[in-house]
Amino acid sequence: MSLPMFMRADDGCRLAYEYFPSGGKPTLVLSPSLGTAMALFDAQIDALSERYNLLRYDPRGHGASDAPGGGYSLDRLGRDVLCLLDHLKIESAHFVGVSLGGMTGQWLGYRAPERLLSLTLANTSAYMGPPSGWAERIAAVLETGMQPMVKPVLERWFTASFQREDPTEVTRIADMLAATDPLGYAGCCGAIRDMDLRPILPLIAIPTLVIAGRHDPATPAEHARLLADQISGASLIELDAAHLSNVEKPCDFGAATSQFLEQL
């Protein structure tokens with residue numbers, strides 16, 4: 001893996017990214033979940049880089065990116081992606097987002113469809129209320145830090161069987177979560193707290209794949225079915241996984257994504 005590069009968004013926030021150009025191929029943007037970073041997609045890099053220029057990044061508040069204080073907005077997270085595309089002079093790209101990344105993708109599909117070739121929305125939702133729950137999580141993280149969050153979050157992110165069978169990978173993701181800046185985590189929680197994308201789903205008019213985790217308690221399969229029902233022409237696939245399906249079922253996730261992209 002290469003070392004991350006950095007650029008500044010239009011508000012001055014420094015964003016970390018890695019770009020794997022393969023020459024003459026379409027770009028595929030990989031956008032990670034709340035509490036993780038670009039390394040969430042380690043298992044997808046080798047297979048996808050054979051067919052696409054890959055661009056993965058740390059959302060603001062995560063990984064090596066800056067973590068400004070205060071609540072962020074989905075508008076801000078989406079414009080960060082557009083800033084990255086502009087910085088690299090990428091006119092349009094495929095977009096794969098997991099959880100928070102999928103929420104960012106929905107915003108892009110509505111607000112900047114001309115920049116997208118397709119959308120893959122994995123383990124995500126158009127609305128994750130009530131806002132009071134996110135307000136409580138923000139207050140807890142700012143008061144006690146990330147460590148108390150790790151165990152309960154991992155129980156939602158992975159099935160019990162995966163936690164037993166692949167403790168090394170679970171530990172890798174746990175370390176990523178624990179290392180997230182509390183200010184950045186809280187900022188992105190603010191974006192989810194204030195989000196309701198349900199009214200705009202019928203206005204997304206680009207090819208879309210929705211991926212659900214059959215055992216996902218964070219963004220249950222019915223959330224995925226709503227996305228697939230409301231986005232015109234969207235297809236839906238359910239994987240035998242919990243919330244981070246690209247980690248728990250990397251081969252199945254990669255096969256579903258590749259098959260969808262190759263049919264476009």
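Q: Is Thr-120 buried or exposed, and why?
A: A residue counts as buried when its relative accessible area is under 20%. In this predicted model, Thr-120 has 0% relative accessibility, so Thr-120 is classed as buried.

Q: Where is Thr-120 found, and which residues is Thr-120 in contact with beyond its neighbours within four places in sequence?
A: Thr-120 belongs to strand S6, residues 116-122. With those sequence neighbours left aside, its contacts are Phe-95, Val-96, Gly-97, Leu-209, Ile-211, Thr-257 and Phe-260.

Q: How many disulfides are there?
A: The test is a distance: two cysteine sulfur atoms must lie within 2.5 Å. By this rule the count is zero.

Q: Which cysteine holds the sulfur closest to that of Cys-188?
A: That sulfur is in Cys-189, at 7.5 Å, so this pair is also too far apart for a bond. Cys-188 is buried as well, because its relative accessible area is 0%.

Q: Which residues line the largest cavity?
A: The lining consists of Ser-31, Pro-32, Tyr-57, Pro-59, Arg-60, Leu-77, Asp-80, Leu-100, Gly-101 and Thr-104. Helix H2 (74-87) and helix H3 (100-111) are the elements that each give two or more residues to this lining. The largest share, three residues, comes from H3. By class, the lining has five nonpolar, three polar and two charged residues.

Q: What is the volume of the largest pocket, and which residues lie nearest its centre?
A: A pocket, unlike a cavity, is an open set of points. The largest pocket here holds about 310 Å³ of space. Its lining has 20 residues, and those nearest the centre are Met-128, Trp-134, Arg-137, Arg-156 and Ala-218. Two or more lining residues come from each of helix H4 (131-144), helix H5 (147-157) and helix H8 (182-193).

Q: How do the residues of that pocket lining divide by class?
A: The lining of the largest pocket has 11 nonpolar, seven polar and two charged residues.

Note on methods. Residues numbered from 1 in each chain as written. Predicted model: local features only at pLDDT ≥ 70, side-chain atom pairs only at ≥ 80, totals over all residues. Heavy atoms only, no water. 1 Å grid on protein atoms, 1.4 Å probe; cavity = no way out; pocket = protein on both sides within 12 Å on 5 of 7 lines; lining within 4 Å. Points joined across faces, edges and corners; volume = space filled by probe spheres on them. Helix = DSSP H or I, 4+ residues; strand = E, 2+ residues; numbered from the N terminus. Nonpolar A, V, L, I, M, F, W, Y, C, P; charged D, E, K, R; others polar. Buried < 20%, exposed > 50% of the residue type's maximum accessible area, 1.4 Å probe, protein only. Contact = heavy atoms within 4.5 Å.
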